[in-house]
There are 2 protein chains.
Amino acid sequence: MPIDLRLDADEVPLLTDFYQLTMAAAYFASGNNDTACFSMFTRRMPARRGFLVAAGLERLLEALEQFRFVPRMLEYLESLRLFTPEFLAFLSGVRFGGEVWAMPEGTIFFAAEPILEIRAPLIEAQLLETLVLNQVGLASLIASKAARSLAVAGGRRLVDFGLRRSQGADAGLVAARSSYLAGFAGTSNVLGGMRYGIPLYGTMAHSYVMAHAQERAAFDSYVKVFPRLSTLLVDTYDTLRGVENAAAVALELRAQGVKLQGIRLDSGDLLELSKRARRLLDQRGLSDVPIFASGNLDEYRIAELVKAGAPIDAFGVGTAMVVSADAPALDVAYKLVEYRGEPRLKTSSEKVTLPGRKQVLRARNAAGGCFADLIGLFEESPAIAAREFRPAPNSVAPLLERVFADGHRIGARPPLSEPRERFLESFARLEHRYKDIDRPDNYPVRPSAALNALLISEKLRVGRRQG
Amino acid sequence: MPIDLRLDADEVPLLTDFYQLTMAAAYFASGNNDTACFSMFTRRMPARRGFLVAAGLERLLEALEQFRFVPRMLEYLESLRLFTPEFLAFLSGVRFGGEVWAMPEGTIFFAAEPILEIRAPLIEAQLLETLVLNQVGLASLIASKAARSLAVAGGRRLVDFGLRRSQGADAGLVAARSSYLAGFAGTSNVLGGMRYGIPLYGTMAHSYVMAHAQERAAFDSYVKVFPRLSTLLVDTYDTLRGVENAAAVALELRAQGVKLQGIRLDSGDLLELSKRARRLLDQRGLSDVPIFASGNLDEYRIAELVKAGAPIDAFGVGTAMVVSADAPALDVAYKLVEYRGEPRLKTSSEKVTLPGRKQVLRARNAAGGCFADLIGLFEESPAIAAREFRPAPNSVAPLLERVFADGHRIGARPPLSEPRERFLESFARLEHRYKDIDRPDNYPVRPSAALNALLISEKLRVGRRQG
């Protein structure tokens, strides 16, 4: 019997807004299905964000390869009594035959930049809107949030502990993957570890200590089974007495030639407790036993602890990271920018879009660091657009790559280490002022002269679209 | 080929924190697997929340019925080279044979109250922690958030439009279900509609208008296919000119005896635009054409619009609701409260837990409205505990029901209408001061005298647990 928590591949095409299907039916009825280009971008940077990290593309491409409406789904749509048999027959034959151009996972990006463009027959491209926004939006949101902890951790190890409070099963998997992509060392999420080959981390819960009559007995029984894997949780009762119990265990282990993997603090004043725990461990000759901290941590708290010199060696980051608590959604949009070879734009109120199929050009200096981006037209020559950068860049590279064509992703799915390295390398070269977690500078992004000219001429034309 | 976006029922037991498995292995090695009781509760109310709504239980019970470690999962665990063959063999035989006591979905609850207790052999109960928190936490979070829009909408229709920005696929499904449970009229999420029988809503996207040379042509082509289902999106270009175009379409439809379903405003000053749109429609004799509003709406914005008298008939609520933007996680915990028949509690820092297996008793007045809750011991007599309420209640009812035993949920899965009605009925009787979306009063919840006595005696005993 299928359980509600599952999601079948067959169901993915219905993971969409109802209007995508009614629009598709209306397009179908009027024979309106020429080539369209849709552009996905973030309208604005979330508060306090100086950069974003692209993720979620690989999973999307996989879903596109298998995108089809199977009979069970068509039967449901038929049961709504809204769609014609002709349209449902058409839907049953829909495959994604278009092209996807996208920033590879791990690319650093900024507001207004297209991170993905889909060029396909109008109906196919439209049907994908919800899925694209949902998946690429979430994965990029979490990668971007996780990278902020990396920015302040000063090389200390970071581990995803968030599964219990992630917004559902899917978000938990995405968080494990996106945080690893953004430089975390591992995750507590076992299925995440299995699916993506991410190192698993875990210590023990308070319940483990509480299930024993004595804290010390709990520690002993654990190290007996996992002598080389034990991080002892010391704050179930009185924390410093817990550290003393852990130290006693560590000394016994050492006598057997084994090193205790660490102690974990999960509550209280982490700065003060970590200092006292460190002192206590050092006094017993246990300076090689690391201190692991967790409990309502986020980049702000980690930055404070690091700055205050807390002797913490690794951080378990949970809720705040996996839900991106201070900015729990990206303001992502997926807009029609070209139809039948003609540019399109929306003009109402604050949500003006950039017309036309596009490319993002990134200027780098001699050290390989990026310093400005230009949003250009797809057909613009990078060499010519490059002249618009000041100072003159050492190199200019297009960021959107063709990643899907002819019904298949281009090339094999890379191992997760590849986007992780891509991100870590560019992040290391990104100027610190864009990485500030409170008041980052705005990274310079602007439309190219050619795109600007198109924008102006299209705005003039829009009046005519309302008759 | 399985796609990454899927989730198989087989994978659910690995949707867990790694430490659940290492603890299980340690318990197994020491033969520590007697009956335990774990209690799930919310440590504190999120900011500005006066009440919470229980949801997510049904899906959990279904997963418990099918909980088992299949060979593919065991092979992965084996590959980690951490677990003994004996433990893996034991895991392969694990089924959930315990009892679940829980508040039925749709129950209103408050901080500190157990909303679910699991009584089972220690290892089974421990292995479920992550899944319980993840699923019940999210579903309750979203139901609680959605109910806040209901509290201020003054009977206007509310629709879930959030799938594109929900935190992943699972969260999108949960949001559709939880918001409907909390009184929404429907969802745009097609798979949500299919799975849960929720009414589907949808209008059209800006891209639909933009794919036509003229706004009017877009409206015409849509109503041609869906004459009885058309809500026209009027803000792609100039909004009021869009309303005029929609009005012209509505008059043509009327000549055919058909009523336009509505117009939708998705940007700009919704108060001002809705007033002007209403006037414009009324002037043309179209006072029966409703106005639908969407675009960054949440309970705060809806309350403002309703208070200002905006002539809006229905609200599409998206991002802020589906991610519970102002409180994107509940501070839920799952704590060991009893082992081998003895109470357990944790005492460190601010996170003291309430010991022992429990029951929640809700006092109601003559009108059926609840006015105070007592957290009592499981074995306490409700009749005796009832004497602790002031004023004397008309009735006192236990909220935790036995919902799972002997490997199966008790009774058939109810249709979603059942918890929806349960919620709507109790919500209607909940005093307004607890529903305020900015500064709600604290609903009175306290431990019973018997629980208090246990708490005090257990605190005294805890010192002995650290040797």
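Which residues make up domain 1 and domain 2 in the domain assignment of chain A? Domain 1 takes 9–142 + 330–466, and domain 2 takes 148–322. Keep in mind throughout that this is a predicted model.

**Stop 1: chain A as a whole**

Select chain A. Its C-alpha trace spans about 80 × 60 × 40 Å along the principal axes. The chain holds 18 helices and 19 strands. Of its 467 residues, 56% count as buried. Look also at contacts between residues at least 6 apart in sequence: 72% of these join residues at least 24 apart.

**Stop 2: between the domains**

Colour the two domains of chain A separately. Their C-alpha centres lie 39 Å apart. Where they meet, 14 residues of domain 1 of chain A are in contact with 19 residues of domain 2 of chain A. Now pick out α6 (129–152) and α16 (417–429) of chain A. Each supplies at least two residues of the domain 1 side. The largest share of that side, four residues, comes from α16(A). By class, the domain 1 side has 10 nonpolar residues, one polar and three charged.

**Stop 3: a four-stranded sheet**

Stay in chain A and show the strands β16, β14, β15 and β19. In that order they form an open sheet with mixed pairing. The edges are β16 (395–398) and β19 (445–447) of chain A. Each has a single partner strand, so one side of each is left without a neighbour in the sheet. From one strand to the next, the twist averages 25°.

Zoom in on β14 (residues 358–364) and β15 (residues 370–377) of chain A. These two strands run antiparallel and are joined by seven bridges. To find one pair, select A:Leu361; its bridge partner in β15(A) is A:Leu374.

**Stop 4**

Bring chain B into view. How is chain B superposed on chain A? A rotation of 180° does it, with 0.0 Å of shift along the axis and an RMSD of 0.0 Å. The two copies are thus related as by a two-fold rotation axis. To locate that axis, select B:Leu7. Of the residues of chain B, B:Leu7 comes closest to it, with its C-alpha at 2.4 Å.

Now select the contact between the chains. Chain B gives 104 residues and chain A gives 104 residues. On the chain B side, helix α1 (residues 18–29) gives the most, with eight residues. The residues of the chain B side divide into 49 nonpolar, 32 polar and 23 charged. Of the interface residues of chain B, 100% are also interface residues in chain A, so the copies meet through the same surface.

**Stop 5: B:Leu400**

Finish in chain B at B:Leu400. This residue sits in the loop between β16 (395–398) and β17 (401–405) of chain B. Is B:Leu400 buried or exposed? B:Leu400 has 23 other C-beta atoms within 10 Å, and the cut-off for buried is 20 or more, so B:Leu400 is buried.

Show its contacts beyond four places in sequence. B:Leu400 touches B:Trp101, B:Ala102, B:Met103, B:Pro114, B:Glu117, B:Gln359 and B:Val360. Last, draw a distance from B:Leu400 to B:Tyr339. The two are 61 residues apart along the chain, and their C-alpha atoms are separated by 20 Å.

Technical notes. Residues are numbered from 1 along each chain as its sequence is written. Chains are lettered from A and ligands numbered from 1 in the order in which they are written. This is a predicted model: local features need pLDDT of at least 70, side-chain atom pairs count only at pLDDT 80 or more; totals for chains, interfaces and linings use all residues. Copies are superposed by least squares on the C-alpha atoms of residues with pLDDT of at least 70 in both. Two residues are in contact if their C-beta atoms, placed from the backbone, lie within 7 Å. Ala, Val, Leu, Ile, Met, Phe, Trp, Tyr, Cys and Pro count as nonpolar, Asp, Glu, Lys and Arg as charged, and the others, Gly among them, as polar. Two strands pair if DSSP finds at least two bridges between them. Axes are lines fitted to C-alpha atoms, for helices over the stretch in contact, and angles run from 0 to 180 degrees between N-to-C directions. Domain bounds come from an automatic or database domain assignment. A residue is buried if 20 or more other C-beta atoms lie within 10 Å of its own, exposed if 12 or fewer, and partly exposed in between; C-beta atoms are placed from the backbone.
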